[in-house]
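Me: I would like to go through a model feature by feature, with the general idea ahead of each case. Please show me the structure.

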Amino acid sequence: MTQSEFRYAHHPEDAKKYTTEDLRREFLINDLFNEDKIKLVYTMYDRLIVGGIMPSTQALKLEPTDDLKAENFLDRRELGIINVGGAGKVTVDGEVYELANKEALYIGKGAKEVIFEKSGDAQPYFYINSAPAHHTYPTKKITKNEAEIVELGEEKYANKRTINKLIVNSVLETCQLQMGMTELHPGSVWNTMPSHTHTRRMEAYFYFDLEEGQTISHFLGQPQETRHIFMQNRQAVLSPEWSIHSGVGTSNYTFIWGMAGENMDYGDMDGIKTNELK
């Protein structure tokens, strides 16, 4: 069974007037994983789709929603998958890809059948991002050993973190989709600090590995007009092109960042000094 939602884009002047309830309704995705269901959120921010797939007692096939007006989900799209749970497998047009925890799979435009299943007793959680594509690139599995790894931050600023670039153009070719995973070290709680924006692409964050009973405050909005959303484990949040995307937790955690837009240069960012945020 597939559940789908549609989200519009927002003008920054409108977003300044949003209440807490408005912000959570428009930007937060709080119920991504449901047993034996596929949850998809189609956003008008670069037409990115954010989704969660939880096969428990049966295999789940990725079907096109009415928003796509397509015979197959990937007729005009590419897809990135990262498993944030137990072992699972993804079958793409008959070829099986086993995905362990924190392993990724890129599927290029034109694949006809994509099926998600468990591989053992532990429950897999497949987090997905999908963006429009103009060209077909090969389907490829990416492990953490194959990722481009960057160490950033310092313990004294509570932002020491490991960035695993999994689906980026330095690792494999894609049309516009980029995905990676940032792991906060024990004792570090700040992500993407100093903050930045990049008007040439939007972004979505998915938080997980958060200790039970803890929370994360995700910051969004223009640098001089920021807002926050408190988030729980395995929730996602949309970040417009005009918005910062930073967060702080009451314990360390991991998050997946996904981007779509016209510029594939990971370093294309407009940085903001920390003491200039408002």
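Me: By class, how many nonpolar, polar and charged residues does the lining of the largest pocket have?

Reply: This is a predicted model, and what follows is computed from it. The lining of the largest pocket has 10 nonpolar, 5 polar and 3 charged residues.

Me: How many cavities of 30 Å³ or more does a search of the whole structure find?

Reply: The search finds 1 cavity of 30 Å³ or more. About 70 Å³ of space lies in the largest cavity.

Me: Which elements each supply at least two residues of the lining of the largest cavity?

Reply: They are helix 1 (12-15), helix 2 (20-27), strand 19 (216-222) and strand 20 (225-231). Strand 19 gives the most, with 3 residues. Among the lining residues are Leu 23 and Phe 27, along with Leu 220, Gly 221, Gln 222 and Trp 242. By class, the lining divides into 6 nonpolar, 2 polar and 3 charged residues.

Me: Helix 2 supplies part of that lining. Which of the residues in helix 2 are buried?

Reply: Start with the geometry. An α-helix has 3.6 residues a turn, so residues three or four places apart point the same way. In helix 2, the buried residues are Asp 22, Leu 23, Glu 26 and Phe 27. Viewed down the axis of helix 2, these buried residues fall within an arc of 95 degrees, so they line one face of the helix. Thr 20 and Glu 21, on the other side of helix 2, are exposed.

Me: What do the buried residues of helix 2 pack against?

Reply: They pack against strand 1 (2-7), strand 2 (28-29), strand 19, strand 20 and strand 21 (235-239).

Me: Leaving aside neighbours within four places in sequence, which residues is Ile 256 in contact with?

Reply: On that basis, Ile 256 is in contact with Ile 82, Val 84, Tyr 127, Met 179, Gly 180, Met 181, Ala 204, Tyr 205, Phe 206 and Phe 208.

Me: Next, the backbone. Which peptide bond is cis?

Reply: Most residues other than glycine have a negative phi, and most peptide bonds are trans. Here the bond from Met 193 to Pro 194 is cis, with omega near 10 degrees. Pro 194 sits in the loop between strand 16 (190-191) and strand 17 (196-197). Thr 192 is also found in the loop between strand 16 and strand 17, and its phi is positive, near 50 degrees.

Me: Does Thr 192 count as buried or exposed?

Reply: The cut-off for buried is under 20% relative accessible area. Thr 192 is at 10% relative accessibility, so Thr 192 counts as buried.

Me: What is phi of Ala 158 near, and where does Ala 158 lie?

Reply: Phi of Ala 158 is near 55 degrees, a positive value in a residue other than glycine. Ala 158 lies in the loop between strand 13 (148-152) and strand 14. With 18% relative accessibility, Ala 158 counts as buried.

Me: Where is the place of Ala 147?

Reply: Ala 147 is in the loop between strand 12 (140-142) and strand 13. At 12% relative accessibility, Ala 147 counts as buried. Leaving aside neighbours within four places in sequence, Ala 147 is in contact with Ile 142, Asn 164, Lys 165 and Leu 166.

Terms used:
Residues are numbered from 1 along each chain as its sequence is written. This is a predicted model: local features need pLDDT of at least 70, side-chain atom pairs count only at pLDDT 80 or more; totals for chains, interfaces and linings use all residues. Side-chain values use heavy atoms; hydrogens and water are left out. On a 1 Å grid over the protein atoms alone, a cavity is a set of points where a 1.4 Å probe fits but cannot get out, and a pocket is an open set with protein on both sides within 12 Å along at least five of seven lines; lining residues have an atom within 4 Å of a point. Grid points are joined across faces, edges and corners, and a volume is the space filled by probe spheres set on the points. Helices (H or I, at least four residues) and strands (E, at least two) are DSSP runs, numbered from the N terminus. Ala, Val, Leu, Ile, Met, Phe, Trp, Tyr, Cys and Pro count as nonpolar, Asp, Glu, Lys and Arg as charged, and the others, Gly among them, as polar. Buried means under 20% relative accessible area, exposed over 50%, partly exposed in between (1.4 Å probe, protein chains only). The arc is that of the directions from the helix axis to the C-beta atoms. Contact means heavy atoms within 4.5 Å.
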